[in-house]
Amino acid sequence: MKKFFPVYVRVPAIFFIVFGLMEYFIDSGDRPAFVKYPMVAVFLFVFLFVLIAIEITLSAVNRVMYQLMSPEEKAKLEYQQSLPLTESNWYKELMQKLTKTQPIEKEGDLLMDHDYDGIKELDNNLPPWWVYLFYICIIFGVVYVVHYELFGGTDQEAELKIEMAQAKIDVEEYLKTAPDLMDEKIVVLLTDAPSLEAGKEIFATNCAACHRADGGGQIGPNLTDDRWILGGGIKNLFHTINNGGRDGKGMIAWKGTLKPKEIQKVASYILSLQGTNPKDPKESEGEIWVDEAAPSKDAAAAKATDSTQVK
């Protein structure tokens, strides 16, 4: 395997495979994961560090094993390495510059004077690749502290808050144009004939059994007078139909049966029954409901007077 995939191919290939998998599985939006999440960059850096360390360790082990081989085994190995697809000279020179390894014949010059139970220690210098990565760690740490601690860079918690706020805005904008996701906050009264006719059909199918076909009330309250148990107006009526009436004795919640758009239509139709005075209506229940958002009668009269004076 190593013959067909030399180390200068294996290391980048393994690294970029892991890098690609992390980018694929980590949801980072329109930014790379290693940029948006610093810990991803740290992991990739450590992974590359370990990967290179493993390759260098294996290379050192191979050199030791080579010295322990018999002349026949060395000759056989050299013959195999002379075949095509061996590592090129430029790679060997690169590895020598990165590791500064000494030939095993010169290990005697590196031996330290002391030993422990016959175990001696070599006085090798730190390999340049390790030193370079150490300096990169220091630079990364300085940049990280300056960016996030001194200049107030956006950390992951702040990014989450920003994204949640934007998501809330996006949801509100979507709800404005999504009829099947309508609620009592954005519902509006419908007055066109097709919508009221559709609301009438829904009322006859689902509501007439309790409120009578004319809305005069039977088991349920009269829907044609100006009194409401849970509040009138399109928003209150939509909420009542959607979530149900009073606990234990009120109307069931229809949100599992009717779509929000259908609830809007039937609520608009019910409000169109106001003042129709059906025959033998049920006694009024609840309180008179006044739309606080609508202009008062005095204000309307004053506006009409001003208009007459202008004319």
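Which residues in H1 meet which residues in H3? Start with the H1 side: Val7, Arg10, Val11, Ile14, Phe15, Val18, Phe19 and Met22. Across from them, H3 contributes Val40, Phe43, Leu44, Phe47, Leu48, Leu51, Ile52 and Glu55. Sort these contact residues by type. They divide into 14 nonpolar, no polar and two charged. Keep in mind that this is a predicted model.

Now look at how the two helices lie. Two packed helices are described by the angle between their axes and the distance between the axes. Helix H1 covers residues 7-25. H1 and H3 pack at an angle of about 155°, and their axes are 11 Å apart. Angles over 145 degrees count as roughly antiparallel, so H1 is roughly antiparallel to H3. The crossing of H1 and H3 is right-handed.

H3 has another partner. Helix H3 spans residues 38-68, and helix H7 spans residues 128-150. Their axes come within 12 Å and cross at roughly 175°. That angle makes H3 roughly antiparallel to H7. On the H3 side, the contact is made by Pro38, Val42, Phe45, Phe49, Ile52, Ala53 and Ile56. On the H7 side, find Trp129, Trp130, Leu133, Ile136, Cys137, Phe140, Tyr144 and Tyr148. What kinds of residues make up the contact of H3 with H7? They divide into 15 nonpolar, no polar and no charged. Follow Ile52 of H3 in both lists. Ile52 takes part in the contact with H1, and Ile52 also takes part in the contact with H7.

Next, turn to the charged pairs. How many salt bridges are there? The count comes to three.

Begin with Glu157 and Lys161. These two form a salt bridge, with the closest N and O atoms 3.9 Å apart. A salt bridge needs the nitrogen within 4 Å of the oxygen, so this pair counts. Both residues sit in helix H8, which runs over residues 156-176. Why are they about one helical turn apart? Because Glu157 and Lys161 are four residues apart in H8. Both of them are exposed.

Move on to Asp214. Its salt-bridge partner is Arg212, and the closest N and O atoms are 3.0 Å apart. Asp214 is partly exposed, at a relative accessible area of 32%.

Finish with Glu285 and Lys282. Their side chains meet in a salt bridge, at 3.5 Å from N to O. Is Glu285 exposed or partly exposed? Glu285 is partly exposed, with a relative accessible area of 29%. Lys282 is partly exposed too, with a value of 26%.

Notes: Residues are numbered from 1 along each chain as its sequence is written. This is a predicted model: local features need pLDDT of at least 70, side-chain atom pairs count only at pLDDT 80 or more; totals for chains, interfaces and linings use all residues. Side-chain values use heavy atoms; hydrogens and water are left out. Axes are lines fitted to C-alpha atoms, for helices over the stretch in contact, and angles run from 0 to 180 degrees between N-to-C directions. Helices (H or I, at least four residues) and strands (E, at least two) are DSSP runs, numbered from the N terminus. Angles under 35 degrees count as roughly parallel, over 145 as roughly antiparallel, 65 to 115 as roughly perpendicular and the rest as oblique. Contact means heavy atoms within 4.5 Å. Ala, Val, Leu, Ile, Met, Phe, Trp, Tyr, Cys and Pro count as nonpolar, Asp, Glu, Lys and Arg as charged, and the others, Gly among them, as polar. Buried means under 20% relative accessible area, exposed over 50%, partly exposed in between (1.4 Å probe, protein chains only). A crossing is left-handed if the near helix is turned anticlockwise from the far one by less than a right angle, and right-handed if clockwise.
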